Structures are given as C-alpha cells and as structure tokens.
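Okay, everyone, can you see the screen? I'd like to walk you through one model today, so let me put it up.

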Amino acid sequence: MIRSLYNFTAKGLLQALSFILATFLFGFILLNSSVFAQHFGGKVPYLALLAFYGMAILWIHGIGFTIRSAVWQLIFLPISGYILVIFSIIYLYISK
C-alpha cells in the first residue's frame, strides 16, 4: 500500500508542484522570518520542525530522488509533505 501511494505521486507535474511548494515555503520563511519565529517557534516549537520536515519531503520529491525502500517511502511520503506544507503556508499567510 505504501508503494502504491508513493508511486501515485511519482509523476512529473506533482514533482514540479512539490518543488514549487517547498521553494515557496522557504522563501516565505526567509522573507518573513519574524512572523515564522513568532507563530511557529513561540508556544509550540514542534510546529517549526513539522514545517521543515514537510519542506524537506517536498524538496526530496521535487528534485526527483526515487526512494526504493518501503520504510523510507513511508517516512518521506509526498502526500504527508503536501499536507504539512500547505497547512504551514495557510497558517503563515493568515497570521501575517
């Protein structure tokens, strides 16, 4: 099941979307670092780690790195990266 979920996202357009979302979140963090620090590093610093984890997942997927092991596919599943990054972008955009 993990392999089928991972292979579902192994398409060129989804990889481009992964790279664009990860780059957009990185740019947003870089340009609005004080907003990111206040809202993600304030009360619950684990939210910042989740945002960086999602960004790392999408960069790995967006570059085109193919993971063969099922365990690592579960850890770096692009669908979870999409969820984390999209919620992080929405949260940062609303709180700006």
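Let's begin at Ala51, and look at what sits around it. If we skip residues up to four places away in sequence, Ala51 touches Leu25, Phe36, Phe40 and Ser88. Keep in mind that what you're looking at is a predicted model. Ala51 belongs to helix H4, which covers residues 46-63. So is Ala51 buried or exposed? Its relative accessible area is 1%, and the cut-off for buried is under 20%, so Ala51 counts as buried. One more distance while we're here: from Ala51 to Gly27 is 13 Å, C-alpha to C-alpha, and the two are 24 residues apart in sequence.

Now let's see how H4 meets other helices. Take H2 to start with, residues 12-31. The axes of H2 and H4 are 7 Å apart, and the packing angle is about 140 degrees. What do we call that arrangement? The cut-off for roughly antiparallel is over 145 degrees, and H2 and H4 are therefore oblique to each other. Their crossing is left-handed. On the H2 side, the residues making this contact include Leu14, Phe19, Leu25 and Ile29, and on the H4 side they include Ala51, Phe52, Trp59 and Ile63. Sorted by class, the contact of H2 with H4 has 13 nonpolar residues, 5 polar ones and no charged ones.

H4 also packs against H6, the helix at residues 78-95. Here the axes come within 8 Å and cross at roughly 130 degrees. H4 and H6 are oblique to each other too, and H4 passes H6 in a left-handed crossing. Who is in this contact? From H4 we have, among others, Leu50, Ala51, Tyr53 and Leu58, and they meet a group in H6 that includes Pro78, Tyr82, Val85 and Ser88. The class count for H4 with H6 is 10 nonpolar, 5 polar and no charged residues. You'll notice Ala51 in the contact with H6, and Ala51 is also listed in the contact with H2.

Next pair: H3 and H6. Their axes are 10 Å apart, and the angle is about 105 degrees. Roughly perpendicular covers 65 to 115 degrees, so H3 and H6 get that label. In this contact, Val35, Phe36, His39 and Phe40 from H3 meet Ser88, Tyr91, Leu92 and Ser95 from H6. By class that's 5 nonpolar, 3 polar and no charged residues.

Okay, rings. How many aromatic pairs does a search of the whole structure find? The count is 5. One of them is Phe24 with Phe28, a tilted pair with 6.2 Å centre to centre and 40 degrees between the planes. Both of these residues lie in H2, 4 residues apart, which is about one turn of the helix.

Another pair is Phe36 and Phe52. Their ring centres are 5.5 Å apart and the planes sit at 55 degrees, so this pair is tilted. Where are the two partners? Phe36 is in H3, residues 33-40, and Phe52 is in H4, so the pair ties together parts that are 16 residues apart in sequence. Phe36 is buried, with a relative accessible area of 8%, while Phe52 is partly exposed, with 38%. And remember, Phe36 was on the list of residues that Ala51 touches. There's also a cluster of rings, made up of Tyr53, Trp72 and Phe76.

Phe28 and Tyr93 are 65 residues apart along the chain, and their C-alpha atoms are separated by 9.0 Å.

Last stop, Gln73, in helix H5, residues 70-75. Buried or exposed, what would you guess? Gln73 is buried, with a relative accessible area of 4%. Leaving out neighbours within four places in sequence, Gln73 is in contact with Ile2, Arg3, Tyr6, Ile67 and Arg68.

Note on methods: Residues are numbered from 1 along each chain as its sequence is written. This is a predicted model: local features need pLDDT of at least 70, side-chain atom pairs count only at pLDDT 80 or more; totals for chains, interfaces and linings use all residues. Side-chain values use heavy atoms; hydrogens and water are left out. Helices (H or I, at least four residues) and strands (E, at least two) are DSSP runs, numbered from the N terminus. Buried means under 20% relative accessible area, exposed over 50%, partly exposed in between (1.4 Å probe, protein chains only). Contact means heavy atoms within 4.5 Å. Rings of Phe, Tyr and Trp (its six-membered ring) pair if their centres lie within 6.5 Å; planes under 30 degrees apart count as stacked, over 60 as edge-to-face and the rest as tilted. Axes are lines fitted to C-alpha atoms, for helices over the stretch in contact, and angles run from 0 to 180 degrees between N-to-C directions. Angles under 35 degrees count as roughly parallel, over 145 as roughly antiparallel, 65 to 115 as roughly perpendicular and the rest as oblique. A crossing is left-handed if the near helix is turned anticlockwise from the far one by less than a right angle, and right-handed if clockwise. Ala, Val, Leu, Ile, Met, Phe, Trp, Tyr, Cys and Pro count as nonpolar, Asp, Glu, Lys and Arg as charged, and the others, Gly among them, as polar.
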